[in-house]
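Visitor: I would like to learn how to read a protein model feature by feature. Please take me through one.

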Amino acid sequence: MSKLETSLQAAMNARIIGSGSETMVLAHGFGGDQSLWDKILPYLTKHYQVLLFDWLFSGAVKYPNLYDPLRYSSFDDLIALMDELHLTSSVFVGHSMSGMIGCIASIKRPQLFSRLILIGASPRYINTDDYEGGLEGATIDNMITSIESGYENWTLSFVKLLVDNNDPLSVEHYLRCLKSMNPEFVVPLAKIVFCSDERETLEKVTTPCTIIQTTNDLVVPESVAHYMQKKIKGETTVEIHILSWFMSWVEF
């Protein structure tokens with residue numbers, strides 16, 4: 001690879017578009033890529049310089065050898081990418097797993113972020129005696145088994161679980177993204193995402209936050225949003241929406 005191709009900006013397909021004095025960083029979630037933000041970009045680029053990128057585990061990345069599931073740290077890549085692009089005091093928007101990535105990065109480098117917008121984020125997905133995460137441990141185990149035994153079949157069932165089936169274009173879009181991922185990456189990534197417990201991380205977050213949660217999220221219950229609000233030290237608000245998440249915050 002050339003020197004350009006070895007830069008994190010090139011490896012992660014990073015690009016900045018739009019106008020405005022403030023930068024907004026859009027971080028997609030599990031199984032996605034930056035194209036999942038396409039519907040809201042026309043709204044955002046009128047007011048912000050928008051940074052789009054693909055996590056190295058994404059199927060959109062041209063150099064999958066750069067992703068090591070045993071040693072990968074997404075928040076380190078986020079910090080390094082923002083440093084490479086000389087970005088500070090940015091609004092970070094993290095969907096799903098990227099919500100907690102943004103929280104961790106804000107603890108390590110608070111000057112990089114002016115606000116965190118956390119969409120459908122969760123510090124822990126598995127229920128405990130005193131915490132409603134939304135899923136039982138056995139459910140996660142069964143999901144991992146399904147991925148290992150038949151990735152193609154699992155992608156279809158997973159997409160139908162997460163995406164409104166009344167929106168076939170979005171279903172097809174996310175399904176295409178998920179199928180483009182290297183199946184060898186999915187199991188270790190799923191274990192990191194769905195089996196992690198970052199609840200103690202929340203009390204270290206001092207950056208102001210907006211937590212956005214939809215009422216029809218089958219993975220993350222509404223109670224998680226309120227739990228996060230209570231634990232995060234920075235000024236935090238919760239917005240609960242019936243609409244799909246991408247339309248619920250475009251006027252933020």
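The dialogue below goes through the sheet, the core, some helices and a few serines.

Visitor: What should I know before I start reading?
Guide: This is a predicted model, in which local features need pLDDT of at least 70, side-chain atom pairs count only at pLDDT 80 or more, and totals for chains, interfaces and linings use all residues. Residues are numbered from 1 along each chain as its sequence is written, and side-chain values use heavy atoms, with hydrogens and water left out.

Visitor: How do I read a sheet, and what is the strand order here?
Guide: Strands (E, at least two residues) and helices (H or I, at least four) are DSSP runs, numbered from the N terminus. Two strands pair if DSSP finds at least two bridges between them. Here seven strands form an open sheet with mixed pairing, in the order E1-E3-E2-E4-E5-E6-E7. Strand E1 (15–18) and strand E7 (236–241) are the edges, each pairing on one side only. On average, neighbouring strands of this sheet are turned by 20° against each other, direction ignored; such angles are taken between axes, lines fitted to C-alpha atoms (for helices over the stretch in contact), and angles between N-to-C directions run from 0 to 180 degrees.

Visitor: Which strands does E2 join through bridges?
Guide: Strand E2 (residues 23–27) runs parallel to strand E3 (residues 49–52), with four bridges between them. Four bridges also join E2 to E4, again in parallel. Valine 25 stands opposite leucine 51 in E3, and its bridge partner in E4 is phenylalanine 92.

Visitor: Which way do the side chains of E2 point, and are they buried or exposed?
Guide: In a regular strand the side chains alternate between the two faces of the sheet. In E2, Thr23, Val25 and Ala27 point one way, Met24 and Leu26 point the other way, and all are buried. Buried means under 20% relative accessible area, exposed means over 50%, and partly exposed lies in between (1.4 Å probe, protein chains only). Five of the five residues of E2 are buried, so E2 is largely enclosed by the rest of the structure.

Visitor: How do I read a nonpolar core, and which residues touch the most other members of the largest one?
Guide: A nonpolar core is a set of buried Ala, Val, Leu, Ile, Met, Phe, Trp, Tyr and Cys residues joined through side-chain atoms within 4.5 Å. The largest one has 69 residues, and Phe30, Phe53 and Leu78 touch the most other members. Helix H9 (residues 183–195) gives the most to this core, with seven residues. Apart from it lies another core, of 14 residues, including Ile40, Tyr48, Val50 and Leu52.

Visitor: What is phenylalanine 30 in contact with?
Guide: Contact means heavy atoms within 4.5 Å. Neighbours within four places in sequence aside, the contacts of phenylalanine 30 include Trp154, Phe158, Tyr174, Val186 and Leu189.

Visitor: How do I read a helix pair, and at what angle do H6 and H9 cross?
Guide: Angles under 35 degrees count as roughly parallel, over 145 as roughly antiparallel, 65 to 115 as roughly perpendicular and the rest as oblique. The axes of helix H6 (residues 137–149) and H9 cross at roughly 170° and come within 10 Å. That makes H6 roughly antiparallel to H9. Residues of H6 including Ile140, Met143 and Ile144 meet residues of H9, among them Val186, Val187 and Ala190.

Visitor: What does helix H4 pack against?
Guide: In helix H4 (residues 74–84), Ser74, Phe75, Asp77, Leu78, Ile79, Leu81 and Met82 are buried. The buried residues of H4 pack against helix H2 (8–11), E2, E3, strand E4 (90–95), helix H5 (97–108) and strand E5 (113–119). Histidine 86 follows H4 and has a positive phi, near 60°.

Visitor: Where are serine 170, serine 157 and serine 196?
Guide: Serine 170 lies in helix H8 (residues 168–180) and is buried, with a relative accessible area of 17%. Serine 157 is found in helix H7 (residues 151–162) and is partly exposed, at 43% relative accessible area. Serine 196 sits in the loop between H9 and strand E6 (209–214); serine 196 is partly exposed, with a relative accessible area of 23%. Leaving aside neighbours within four places in sequence, serine 196 is in contact with Pro123, Arg124 and Lys191.
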